[in-house]
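Subject: Structure handover

Hello,

The structure you asked to take over is below. My notes on it follow.

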Amino acid sequence: MLSAQTEKQKQLERERQELLNQISQINKLRQTNKRQEINVLNQVEDLSQKIKAREDLIRVTNKQANLLTGEINKNLEKISALRDELEKLKQEYAALVLKSYKSKSSQSRIMFLLSSKSFTQAYKRVQYLKQYNNYRKKQGEQIQERAALLQETNRKLAAQKAEKEQLIAENKKEQAQLQEEKKQQDGLMATIKKKESTYAGQINSKQRAADRIDKEIDRIIREAIAASNKKTGNTSTTKGSTTTFALTPEARALANDFASNKGKLPWPVESGRIYKKFGTSRHPTLSNITTYNSGVEIETEPGSLARSAFKGTVFKIQSLPGANFAVYVRHGNYITVYQNLINLQVSVDQQIAVKQAIGAVAKDTFTGKTILKFVVYKDSERQNPAEWINSM
């Protein structure tokens, strides 16, 4: 069974590797999309995310180094105690050997036995000699065990010291890289400040366009709920005929299956990174601007395919102004929407499987990046996709 310290170290190492992967992914996507970036705003946003990830990486690495320091100190104490114990065992063993040497002759042992006054006493003396020999043997074994344990502890100590030195060296490298990135960020921010109103206008314009699309998606989903309820003969539900699906037994089973996989659904692309999270947030570069995102935006590599997060039925394909196509997939009373697609590989009323390709992700017209917007609904209510997708 792993000790608490070992488990903590493993958890920190997993966190460290995840942060390294995040930084690597940002670097890879920035390089891929370098020619398509249309303004410095995108570069600053990427840098901000990378700086945050690198600061977290430095923090986690420091925790690892501090944890190792504690383990190293414990092993140093253990080594000191083992050396004292080993020395004591050696002294005791030497005394036993000396005593044994003085009475080692077979004649002395025979005389010791023959001088017994009774058979009982002779038997006890035989047992004593056996116990004495066993004790000597046990002392010898203890010395070997402690020597081996001391050697293993020294080996662990050397490995821990080497690991700590490596972590410290990596942290110094990350610190230097962090300072360089902050300098780049400061330079880009100075450029942005000169044209802040222009960039603010671009962001607000994009937000208005996104709000219009959100309202259109809301309308389509309400119409789909009403049409479904009319088809099933139920036009009155607890929340009204346009807000809550009336489910058939088959649809309810599918919805329950979807709900039971909350937090375990696969990503709607094979690889990528979260570009924008769900909900309301301050803009990472222009702090006086607040934006809202009805789903999550995932940056992926050019040519990547969007894929279904769960089995279901395509009930709507919509052409969105400035956002290419949106594909709606129903899973009982849950709906997933995949925006900014081209080269579709599905059709309306088609039943699709989990991870089935839906279409190619297009380049975003504002950022020049390859971005999929992924939205989740329960009936007519938007959900946070991060709560549904595995490790998002």
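With which side chain does the side chain of R273 make a polar contact? The partner is the side chain of E299, at 2.8 Å. Please note that this is a predicted model, and the distances here were computed from it.

R273 belongs to strand 1, which covers residues 273-276. With a relative accessible area of 7%, R273 falls under the 20% cut-off and therefore counts as buried.

T300 is placed in the loop that runs between strand 4 and strand 5 (305-307). Its relative accessible area is 1%, so T300 is buried. The T300 side chain has a polar contact with the side chain of S304, at 3.0 Å. A polar atom of the T300 side chain also lies 2.7 Å from the backbone oxygen of S271.

Now the chain as a whole. It has 392 residues, of which 40% count as buried. Its secondary structure consists of six helices and 12 strands. Among contacts with a separation of 6 or more, 70% are between residues 24 or more positions apart.

Next, the nonpolar cores. The largest nonpolar core has 41 residues, and the members that touch the most others are V337, Y338 and L341. Two or more residues of this core come from each of helix 5, helix 6, strand 4 (296-299), strand 6, strand 7, strand 8 (334-342), strand 10 (357-361) and strand 11 (371-378). Another core, of nine residues, lies apart from the largest one; V44, A200, I203 and I289 are among its members.

What does V337 contact, once neighbours within four places in sequence are left aside? The list is I217, A326, V327, Y328, K373, F374, V375 and Y377.

Helix 5 (196-231), helix 6 (249-260), strand 6 (312-320) and strand 7 (324-331) each give two or more residues to the lining. By type, the lining residues of this pocket are nine nonpolar, eight polar and four charged.

Regards

Note on methods:
Residues numbered from 1 in each chain as written. Predicted model: local features only at pLDDT ≥ 70, side-chain atom pairs only at ≥ 80, totals over all residues. Heavy atoms only, no water. Helix = DSSP H or I, 4+ residues; strand = E, 2+ residues; numbered from the N terminus. Nonpolar A, V, L, I, M, F, W, Y, C, P; charged D, E, K, R; others polar. Buried < 20%, exposed > 50% of the residue type's maximum accessible area, 1.4 Å probe, protein only. Polar contact = N/O pair within 3.5 Å; in protein donor to acceptor, adjacent residues only side chain to side chain. Core = buried A, V, L, I, M, F, W, Y, C linked by side-chain atoms within 4.5 Å. Contact = heavy atoms within 4.5 Å.
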